[in-house]
Amino acid sequence: MDNFKTLQEHSEESSNTLSEMVEQAINQPLLEMAKLNLKDDGKSEFPSNAYRIWVQGDGSAHKPPHLHISSTSEDFEIKVYITTGKLWQVIRCGKRKRTDKFTDVLSKLQDWFKKPTLMPGRTGTNYDAALNEYEACNS
């Protein structure tokens, strides 16, 4: 038992606060589990090396089904309604203007929704996978 550190000892060695460590431990595995484009390659509208599309369990059962899309190259993050494919909220505009409507991303999302999902263990379209993941994370 001498090799184990207490939570206090571990948090003192870390640059993160205890609440940040707890939040990271809780949220990160869930976000990775629900990453919808994890297996998408360069032929996809949203290759996983350039975009991240995910749903998260954040107690949003009272919110309409939505997903997050972020771009590594443009540094934006948006929320999009799954059922309509319309922009809900701009979290971070990155290299774009705050007033940008992200119509190019939303158009690509409509095409991507129609394609078969590449998520491991899932069948159906990307739309089906997004809705199913949202419901599983927020029920």
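1. Let's start in the sheet, with strand β3: four of its five residues are buried, so named when under 20% relative accessible area, with exposed meaning over 50% and partly exposed in between (1.4 Å probe, protein chains only). β3 covers residues 77-81. Please keep in mind that this is a predicted model, in which local features need pLDDT of at least 70 and side-chain atom pairs count only at pLDDT 80 or more, while totals for chains, interfaces and linings use all residues. Residues are numbered from 1 along each chain as its sequence is written, and side-chain values use heavy atoms, with hydrogens and water left out.

2. Now the overall plan. The protein has four helices and four strands, and from the N terminus its elements follow the order α-α-β-β-β-β-α-α. Helices (H or I, at least four residues) and strands (E, at least two) are DSSP runs, numbered from the N terminus. Of the 139 residues, 35% count as buried. The protein exposes about 8500 Å², and carbon and sulfur atoms supply 53% of that area; accessible areas come from the Shrake-Rupley method with a 1.4 Å probe, and for residues only the protein chains shown count as cover.

3. The four strands form an open sheet in the order β1-β2-β3-β4, with antiparallel pairing. β1 and β4 (87-92) stand at the edges with a single partner strand each, so one side of each has no neighbour in the sheet. Neighbouring strands are turned by 20° against each other on average, direction ignored. For that angle, axes are lines fitted to C-alpha atoms, for helices over the stretch in contact, and angles run from 0 to 180 degrees between N-to-C directions.

4. Here is the pairing, strand by strand. Two strands pair if DSSP finds at least two bridges between them. β1 is joined to β2 (residues 66-71) by four bridges, and Arg 52 stands opposite Ser 70 in β2. On the β3 side, Ser 70 has Glu 77 as its bridge partner, one part of a β2 to β3 pairing that counts five bridges. β3 and β4 pair over four bridges; here Ile 78 stands opposite Val 90, and Lys 79 stands opposite Gln 89.

5. Next, the interior. In soluble globular proteins, nonpolar side chains tend to be buried together. The largest nonpolar core here has 26 residues, of which Leu 36, Phe 46, Val 55, Leu 67, Ile 69, Ile 78 and Ile 82 touch the most other members. Such a core is a set of buried Ala, Val, Leu, Ile, Met, Phe, Trp, Tyr and Cys residues joined through side-chain atoms within 4.5 Å. β1, β2, β3, α3 and α4 (126-137) each supply at least two residues of this core. Leaving aside neighbours within four places in sequence, Ile 78 is in contact (heavy atoms within 4.5 Å) with residues including Leu 67, Ile 69, Val 90, Phe 102 and Val 105.

6. Glu 45, in the loop between α2 (18-33) and β1 (51-54), counts as buried at 15% relative accessibility. A polar contact of 2.8 Å joins the side chains of Glu 45 and Lys 115. Such a contact is a pair of N or O atoms within 3.5 Å; within protein, one must be able to donate a hydrogen and the other to accept it, and residues adjacent in sequence count only if both atoms are side-chain atoms. Beyond four places in sequence, Glu 45 also touches residues including Tyr 51 and Trp 112.

7. Arg 96 lies in the loop between β4 and α3 (103-114), and is buried at 12% relative accessible area. Contacts of Arg 96 beyond four places in sequence include Glu 74, Phe 76 and Phe 102.

8. Lastly, which residue does His 62 sit 9.7 Å from, C-alpha to C-alpha? That residue is Ser 139, 77 residues away in sequence. His 62 itself belongs to the loop between β1 and β2 and is exposed, with a relative accessible area of 66%.
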